[in-house]
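Dear colleague,

Please find below the sequence and structure that I am handing over to you.

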Amino acid sequence: LAVHSYSWSGPGRFIVRWGVPRWLQPVVRAVASTGLVTWRNHGDMTPNDGAELRELMKKEWGWLSEQDVCPVWVSEFGCALHAADEMVWLRIFVD
């Protein structure tokens with residue numbers, strides 16, 4: 001299984017906040033009200049030494065590796081080296 005994870009991506013989505021045109025934002029907000037889309041990013045889950053982020057990764061794909069279901073290949077991950085908050089995310093992600 002290959003997974004992608006970025007500080008600016010979020011649970012179940014690969015849409016960055018700044019990637020949605022202004023005219024489409026009301027539609028995204030309407031869809032978000034259903035719980036199908038969230039603006040909460042992986043990078044927002046780093047307080048408390050990343051307990052929330054660690055739990056999410058375990059729930060989404062970590063259990064596959066822990067239970068020897070299949071190997072997990074993190075084929076893409078990243079953050080901006082100059083952004084301190086993103087570096088916190090990277091440290092937690094790599095640990």
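Is Arg-91 buried, partly exposed or exposed? This is a predicted model, and in it Arg-91 has a relative accessible area of 41%, so Arg-91 is partly exposed. I return to this residue below, after an outline of the whole.

Overall architecture

The protein has 95 residues, of which 32% are buried. Its secondary structure consists of three helices and two strands, and their order from the N terminus is β-α-α-β-α.

Helix 2

Helix 2 covers residues 47-66, and its end C-alpha atoms are only 24 Å apart, whereas a straight helix of 20 residues would span 28 Å. A bend of about 65° is found in helix 2 at Glu-60. After the helix comes Asp-68, which has a positive phi, near 55°.

Which residues of helix 2 are buried? They are Gly-50, Leu-53, Leu-56, Met-57, Trp-61, Gly-62 and Leu-64. As a general point, an α-helix has 3.6 residues a turn, so residues three or four places apart point the same way. The partners against which the buried residues of helix 2 pack are strand 1 (2-6), strand 2 (73-78) and helix 3 (84-94).

Thr-46 belongs to the loop that lies between helix 1 (25-32) and helix 2. With a relative accessible area of 15%, Thr-46 falls under the 20% limit and is therefore buried. Its side chain reaches the backbone oxygen of Gly-43 at 3.4 Å. Apart from neighbours within four places in sequence, the residues in contact with Thr-46 are Val-88, Trp-89 and Ile-92.

Salt bridges

Side chains of opposite charge can pair when their charged atoms come close. How many salt bridges does the structure hold? There are four.

One of them joins Arg-91 to Asp-49, with the closest N and O atoms 3.5 Å apart. This pair links distant parts of the chain, since Arg-91 is in helix 3 and Asp-49 is in helix 2, 42 residues apart. Asp-49 also forms a salt bridge with Arg-54, and here the closest N and O atoms are 3.8 Å apart. Asp-49 is partly exposed, at a relative accessible area of 48%, and Arg-54 is partly exposed as well, at 30%. A network of salt bridges links Asp-49, Arg-54, Arg-91 and Asp-95.

A further salt bridge pairs Glu-66 with Lys-58, whose closest N and O atoms are 3.9 Å apart. Glu-66 is exposed, because its relative accessible area of 55% is over the 50% limit. Lys-58, with a relative accessible area of 40%, is partly exposed.

With kind regards

How values were computed: Residues are numbered from 1 along each chain as its sequence is written. This is a predicted model: local features need pLDDT of at least 70, side-chain atom pairs count only at pLDDT 80 or more; totals for chains, interfaces and linings use all residues. Side-chain values use heavy atoms; hydrogens and water are left out. Helices (H or I, at least four residues) and strands (E, at least two) are DSSP runs, numbered from the N terminus. The expected span of a helix is 1.5 Å times one less than its number of residues. The bend at a residue is the angle between axes fitted to the seven residues ending there and the seven starting there. Buried means under 20% relative accessible area, exposed over 50%, partly exposed in between (1.4 Å probe, protein chains only). Contact means heavy atoms within 4.5 Å. A polar contact is a pair of N or O atoms within 3.5 Å; within protein, one must be able to donate a hydrogen and the other to accept it, and residues adjacent in sequence count only if both atoms are side-chain atoms. A salt bridge is a side-chain nitrogen of Lys or Arg within 4 Å of a carboxyl oxygen of Asp or Glu.
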